[in-house]
Amino acid sequence: MRCAAVVVAAGRGSRFGAGHNKVLLPLGGRSVLERSLDALADSSGVEALVVVAHRDDLPALRDRRSDLGRGKVVAIVEGGARRLDSVAAGVRACPEQARNVAIHDAARPLIRAEVIERALEASERAGGAVVAMAAVDTVKRSINGIRVDATLPRSEIFLAQTPQIFRREPFLRALEAAIASGRDFTDDAAVAEAAGIPVEIVMGDGENLKITYQEDLPRAEAILAKREGAATPAPFRVGTGFDVHRLVPGRRCVLGGIEIESPVGPLGHSDGDALLHAVADALLGAAGLDDLGTLFSDRNPKYKDADSRKLLAECVAQVRRAGFVVNNVDAFLVLERPKIAPHREAMRASIASILEVSPSQVNVKGKTAEGLGALGAGDAVAAQATVLLQSVLVRCVGS
Ligand code: MG
């Protein structure tokens, strides 16, 4: 047997958000772990797979063993407290007839078969191989994290990825020696290096990304879609909202969440804030949710004279639960008077604070209707808003 691969999935992904094992999240319809196993199994040199998992995930994975990694999974073992212990548990479970062992992060689902093959050839030739990328940025060394002690020659710097592949027997001895030494190793090649095993660098590619933060999932999905030749929707959603309210004497004039001095104000069941209503409908529309009138019926006495800032805040919460954050809002008011220009900045700040974004992400402008129709006669105020939402793929984390 040319090579067995150990896939390390024992971490809990604390950088990703509490309580979720990021490698069990879906990526293009399959879990990140399943995709990593398939990617290794698709390399003809890899003939057996060992999964190292967290204790909590063992039963579910073992139930599905025959479905994983194209049927090449020979063992699913429990990980240890440190990466070193997890890797050692996996390597011990590899078939003894395997000449080489590949260690791979379960969070790197986009590894290509050609890269695995090159690393396997290097391991057979040299004894060890690490897939790595040449440094793009200059690397500074600082011992106290403040003062620069040295600038490292960039041409000599390589950033290690996985797989890291080694001749199995010498590497297993190196692992046992590392554990006995009491030293911790967070990188597998460093274990081999400490034991005097030569390790070669094999050039990886920028697509072999490690799913570390939530925002890595849409990037990985885009790479997969490109490889599969499919067009996937961009992680943006646009929405529009419109509202109109009659202007009558004796009503408070509340627009954009601020009160403006005016002899007339918008008539409505709520405070009649047409601008906030337009923004709310744009948000709800972009997220594919029910419109404002459905959520807060003007027949419900609960919303009589309601503060539209509260209604908008509730819409923002719903949009967030649906997995979106606000990228920006552009809105305009159409009314003859009062003039909007002196209040623009206050409206932007008011809307931004409800949306929990920066005022730079909110734009408001005023127009007149040139004396035409009810708007031009000053009998009504109209508002229109466009918003852009960005998906945060909360749906993945929640599943
Ligand atoms: Mg309204």
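**View 1. Pairing of strands β7 and β11 in the predicted model.** Strand β7 (residues 128-134) and β11 run parallel and are joined by 4 bridges, where strands are DSSP runs of E with at least two residues, numbered from the N terminus, as are helices, which are runs of H or I with at least four residues. Within this pairing, Val131 stands opposite Val202 of β11. The model is predicted, with local features requiring pLDDT of at least 70 and side-chain atom pairs counted only at pLDDT 80 or more, while totals for chains, interfaces and linings use all residues. Residues are numbered from 1 along each chain as its sequence is written, and side-chain values use heavy atoms, with hydrogens and water left out.

**View 2. The open sheet of 7 strands.** The strand order is β5-β4-β1-β6-β10-β7-β11, with mixed pairing, two strands being counted as paired if DSSP finds at least two bridges between them. At the edges stand β5 (73-78) and β11 (200-203), each with a single partner strand, so one side of each has no neighbour in the sheet. Neighbouring strands are turned against each other by 25° on average, direction ignored.

**View 3. Strand β1 and its two partners.** Strand β1 is parallel to β6, to which 6 bridges join it, and pairs with β4 in the parallel sense over 7 bridges. Ala4 has Val101 of β6 as its bridge partner, whereas Val6 has Val50 of β4. In β1, 7 of its 7 residues are buried, meaning under 20% relative accessible area with a 1.4 Å probe and protein chains only. Cys3, Ala5, Val7 and Ala9 are buried on one side, and Ala4, Val6 and Val8 on the other.

**View 4. Helix α1 against the sheet.** Helix α1 (residues 32-41) lies across β1 (3-9), β4 (46-53) and β6 (100-105), running at about 155° to β4; axes are lines fitted to C-alpha atoms, for helices over the stretch in contact, and angles run from 0 to 180 degrees between N-to-C directions. Because 10 of the 10 residues of α1 are buried, the helix is largely enclosed by the rest of the structure; among them are the charged residues Glu34, Arg35 and Asp38.

**View 5. The crossing of helices α3 and α5.** The axes of α3 (residues 83-92) and α5 (residues 168-181) come within 10 Å and cross at roughly 145°. The contact (heavy atoms within 4.5 Å) involves residues including Leu84 and Val91 of α3, and Phe171 and Leu175 of α5. Its residues divide into 9 nonpolar (Ala, Val, Leu, Ile, Met, Phe, Trp, Tyr, Cys and Pro), no polar (the others, Gly among them) and 4 charged (Asp, Glu, Lys and Arg).

Key: Buried means under 20% relative accessible area, exposed over 50%, partly exposed in between (1.4 Å probe, protein chains only).
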